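I have my notebook open and a structure to look up. Here is what I am working from.

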Amino acid sequence: QVQVEESGGGLVQAGGSLRLSCAASGRFVSITAMGWYRQAPGEQRELVAGITSGVITNYADSVKGRFTISRDNAKNTIYLQMNSLRPEDTAVYYCNALVSTMTKWGPKENDYWGQGTQVTVSS
């Protein structure tokens with residue numbers, strides 16, 4: 001069983017900053033990649049930023065230069081530093097982990113999601 005838990009959301013004024021954290025725990029062999037997604041009301045869930053075990057990162061164009069994703073492999077934790085926040089960044093932010101677990105047939109990768117954390121940016 002693998003658990004993914006986010007923390008750090010909240011209410012902030014436009015131009016402000018927030019830092020999200022996400023920790024993966026449980027029984028697994030390795031974490032291939034982790035990432036942050038967000039979903040605003042009436043919108044589809046979209047990728048915000050991702051990071052691989054090799055620390056390769058990618059960002060949505062809308063957050064480049066404002067958000068930074070980082071990873072602490074020893075803690076199986078990723079962070080999302082969000083600066084210069086805008087009202088359009090308001091959404092529920094979800095953490096995703098692509099995790100390899102061991103089965104009797106060998107390693108298998110699966111996606112695991114956190115429950116989400118609300119980020120609200122006021123104008």
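**The core**

I started with the largest nonpolar core: of its 28 residues, Trp36, Leu80, Met82 and Tyr93 touch the most other members. A nonpolar core here is a set of buried Ala, Val, Leu, Ile, Met, Phe, Trp, Tyr and Cys residues joined through side-chain atoms within 4.5 Å. Buried means under 20% relative accessible area, exposed means over 50%, and partly exposed is in between (1.4 Å probe, protein chains only).

A note on the source: this is a predicted model, where local features need pLDDT of at least 70 and side-chain atom pairs count only at pLDDT 80 or more, while totals for chains, interfaces and linings use all residues. Residues are numbered from 1 along each chain as its sequence is written, and side-chain values use heavy atoms, with hydrogens and water left out.

Next I checked which elements give two or more residues to the core, and found strands S1 (2–7), S3 (18–26), S4, S5 (46–52), S7 (67–72), S8 (77–82), S9 (91–103) and S11 (117–122). S9 gives the most, with five residues. Strands are DSSP runs (E, at least two residues), numbered from the N terminus.

I then looked up Met82: leaving out residues up to four places away in sequence, Met82 touches Gly16, Ser17, Leu18, Leu20, Arg66, Phe67, Tyr93 and Val119.

**Arg38**

Is Arg38 buried or exposed? Arg38 is buried, at a relative accessible area of 6%, and is found in strand S4 (residues 30–39). I looked for its side-chain partners and got two polar contacts (N or O atoms within 3.5 Å, one able to donate a hydrogen and the other to accept it; residues adjacent in sequence count only if both atoms are side-chain atoms). One goes to the side chain of Glu46 at 2.7 Å, the other to the side chain of Tyr93 at 2.9 Å.

**Rings**

How many aromatic pairs are there? The count comes to one, with rings of Phe, Tyr and Trp (its six-membered ring) pairing if their centres lie within 6.5 Å; planes under 30 degrees apart are stacked, over 60 edge-to-face, the rest tilted. Tyr37 and Trp113 form that edge-to-face pair, 5.0 Å centre to centre with 65° between the planes. Tyr37 lies in S4 and Trp113 in S10 (residues 106–113), so the pair ties together parts 76 residues apart in sequence. Tyr37 is partly exposed at 24% relative accessible area, and Trp113 is partly exposed at 38%.

Methods: Helices (H or I, at least four residues) and strands (E, at least two) are DSSP runs, numbered from the N terminus. Contact means heavy atoms within 4.5 Å.
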